[in-house]
Amino acid sequence: MCCDLKRRFLLLYATQKGQAKAIAEEIWQQAGAHGLEADMHCISEMDKYNLETEKDPVVIVISTTGTGDPPDAARKFVKKIQDTTLPPDHFAHLQYGLLGLGDSEYTFFCNGGKTVDRRLQELGAQHFYDTGLADDCVGLELVVDPWIDGLWLALKEAFLLQKEKEGMSSDAVSSSLSAAPHVGHELNLSSEVQNLKLEDERVRSSDVLTQKLVDIHLVASTRDTEPSLVHSVPPVSQSALSIPALPPEYIEVQFQDTHGENPHLSSLISEGTAFEVPVTKAVQLTREDAIKTALLLELDIADTVFDYQPGDAFCVICPNNVNEVEELLHILGLSEKGEYFVCVKVKEGTKKKGAAHPQHIPERSTLKFILTWCLEIRAIPKKAFLRALVECTSDVGEKRRLQELCSRQGASDYTRFIRDSNVCLLDLLHAFPSCKPSLNLLIEHLPKLQARSYSVSSSNLYQPGKLCFVFNIVEFPACPARPVSRKGVCTGWLAELVAPLLHPNKNTLDTKGGSSSTEKISIFARPNNNFHLPADPSVPFVMVGPGTGISPFIGFLQHRQKLREEHADWEFGETWLVFGCRHQDRDYLFKQLRCFLENGTLTHLKVCFSRDSSTAEVAPPKYVQDVIRLYAKEIARVLLKERGYFYVCGDKKHMADGVSDAVVDILSMEMEADKLEAMKILAMLREAKRYLQDVWS
């Protein structure tokens, strides 16, 4: 009995969109096969565990959200451990291993995990296993898989060490652990965990997992020499496959009647208050022949208590495309049931650990409401979902291909034909027509439909009662794995919603009153605690925002203009704006920027156009980072001598990294220091919240 108790370890997860929870569930499932018991809890459930008195090893899986913040579920935990009155030996008794999840597309990679890891170390806790940092940019599995594989030996050693410290014989525990069966399954990495083929299998412990063999072979035509979503080639097509274990079902769906009302959209959010506000204005900022279409929308928030500062973001609650919902209902054979109310319950006797009613599914609503407002039907299917779909597929060849796509051997095919191709459930059901999943399977595996976040592009001081924002209509062109083109879930919906405002002449007979729109959208606040104007107006600052990255800076300038009008006696620092786009005549989003220049709100406006040809002897700069280099001395003066601020907004990979590289070069040149020293200075500016980014991938 004693030995059984000592084989327990505490497993905590903190998730934003489900990745960390899915990985924790995999660890929990594998633990039993290794003679261990994982006591699994969300890190927010602080009434169910106590690190102050915890004697067993602790495993933490934690993701990162926003600009390097811990997930919402971990906020209270982080606040608690960051109490400055805690002594340095507060967690001296604690042994832990931590797996952080992040995306290197963002500056503060895995910062949620790093924050917790660093603080636990400061409070005396000890690692029993090295920290793992998994990168969703290249595939979480590259780190997650080997980290989990090595966890079991590390836990075994931690238990032996624990016994030795207690002065007890470790023989019983050792024999118990070594006698634990080495299971022949690879368990599921569900939710947001993306999978790539591991280049070096030597990192794996060969005695941890044995392969589950699948004997089904797909007979392919000799003409099919190239792999595709539905077809494989050697070696994958001839391999014995190691596939995930089948995730246990845990949801039961019962159809009821057609009477009643669906819940209000405000009930779908767990944080803050939702406001339903009218769209009062819509403007297309780009010409029809521009590569991307950018829209500006104005919302009337006068009758709400919604408040914001320039630089803040807010979220739009959006639905799935109505045609895609109808198509999904048709494929599922549920077209006649769309308006029926459904009751979703946890299945009695389910083997899923901690099975609970999904929080994003209302207690009572229609099937169509669930598919429209609650489930992300466009989500890229995870491997656990593919594994479950195998059991719903009758055709032998289709079954084998789905097994390949969720196997380790087919990891590169999964990446190429599903992840990189943005394939969704509908695409899979078209590609594998014998696959007929049940409704409960969709509710179990499709994630919550997330509200979409946008930067505010206005100032409440300049335009009281109004909120503006700018966005590109996202386009997903057709590809071999996905033969239909699509628009972004939210941007496509918004564009369709405001079409009467954009083209009022086409709607002159509309019963809604021509160009006078009564369309409303539901929004809620998502304040940005850092990306704000300097508190001291005399401090100079530089704004870099190509394309729609200019959005928050319009709010900055509107706010600044109003402050200058109302406080003529104040001292205002100089302001720089660097803007770039492809073509001056097609997508120069805010040509009225010159008004800010003329009235003195903006000191310097520098623009560049990457696709316009030039006959000048000296070619003008193409990109914003090129512009910054042209004004190296001025940028260095603002940042170093005048202790100014530097703001960057826009695309991370193709712009923000280039801008930070340019700033490093400028600092190195102007300070006559090497690149490493300049990088340290930039890091200090970030730490001091004087180099600020609002970027997306």
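A: Start with a rule for helix pairs. Angles under 35 degrees count as roughly parallel, over 145 as roughly antiparallel, and 65 to 115 as roughly perpendicular. Keep in mind that this is a predicted model.

Q: At what angle do the axes of H20 and H21 cross?
A: Helix H20 (residues 632–641) and helix H21 (residues 652–671) cross at roughly 85°. Their axes come within 9 Å. The angle falls in the range from 65 to 115, so H20 and H21 are roughly perpendicular to each other.

Q: Which residues of H20 and H21 meet?
A: H20 brings Ala632, Lys633, Ile635, Ala636, Leu639 and Leu640. H21 brings Val663, Ile666, Leu667, Met669, Glu670 and Met671. Sorted by class, the contact of H20 with H21 has 10 nonpolar, no polar and two charged residues.

Q: How do the axes of H9 and H10 cross?
A: Apply the rule again. Helix H9 (residues 383–390) and helix H10 (residues 396–405) have axes that come within 9 Å and cross at roughly 160°. An angle over 145 counts as roughly antiparallel, so H9 is roughly antiparallel to H10. Their crossing is left-handed.

Q: Which residues make the contact between H9 and H10?
A: From H9 come Lys383, Leu386, Leu389 and Val390. They meet Lys399, Leu402, Gln403 and Leu405 of H10. This contact of H9 with H10 holds five nonpolar residues, one polar and two charged.

Q: Now sheets. In what order do the strands of the six-stranded sheet lie?
A: To read a sheet, follow the strand order, then the pairing sense. Here the order is S13-S10-S17-S8-S9-S14, the sheet is open, and the pairing is antiparallel. At the edges are strand S13 (452–455) and strand S14 (466–472), each pairing on one side only. On average, neighbouring strands of this sheet are turned by 40° against each other, direction ignored.

Q: How many bridges pair S10 with S17?
A: Five bridges pair strand S10 (residues 313–317) with strand S17 (residues 520–526), in the antiparallel sense.

Q: Which strands does helix H14 lie across?
A: Helix H14 (residues 489–497) lies across strand S9 (294–300), S10, S13, S14 and S17. H14 runs at about 70° to S13.

Q: Is the pairing in the five-stranded sheet parallel or antiparallel?
A: The pairing there is parallel. This open sheet has the order S20-S19-S18-S21-S22. Strand S20 (604–609) and strand S22 (691–696) stand at its edges with a single partner strand each, so one side of each has no neighbour in the sheet. The twist averages 10° from one strand to the next.

Q: Which strand do four bridges join to S18?
A: Strand S18 (residues 541–544) is joined to strand S19 (residues 575–581), and the two run parallel. Phe541 has Thr575 in S19 as its bridge partner. Helix H16 (residues 551–566) lies across S18, S19 and strand S21 (645–651), at about 145° to S18.

Note on methods:
Residues are numbered from 1 along each chain as its sequence is written. This is a predicted model: local features need pLDDT of at least 70, side-chain atom pairs count only at pLDDT 80 or more; totals for chains, interfaces and linings use all residues. Side-chain values use heavy atoms; hydrogens and water are left out. Two strands pair if DSSP finds at least two bridges between them. Axes are lines fitted to C-alpha atoms, for helices over the stretch in contact, and angles run from 0 to 180 degrees between N-to-C directions. Contact means heavy atoms within 4.5 Å. A crossing is left-handed if the near helix is turned anticlockwise from the far one by less than a right angle, and right-handed if clockwise. Ala, Val, Leu, Ile, Met, Phe, Trp, Tyr, Cys and Pro count as nonpolar, Asp, Glu, Lys and Arg as charged, and the others, Gly among them, as polar.
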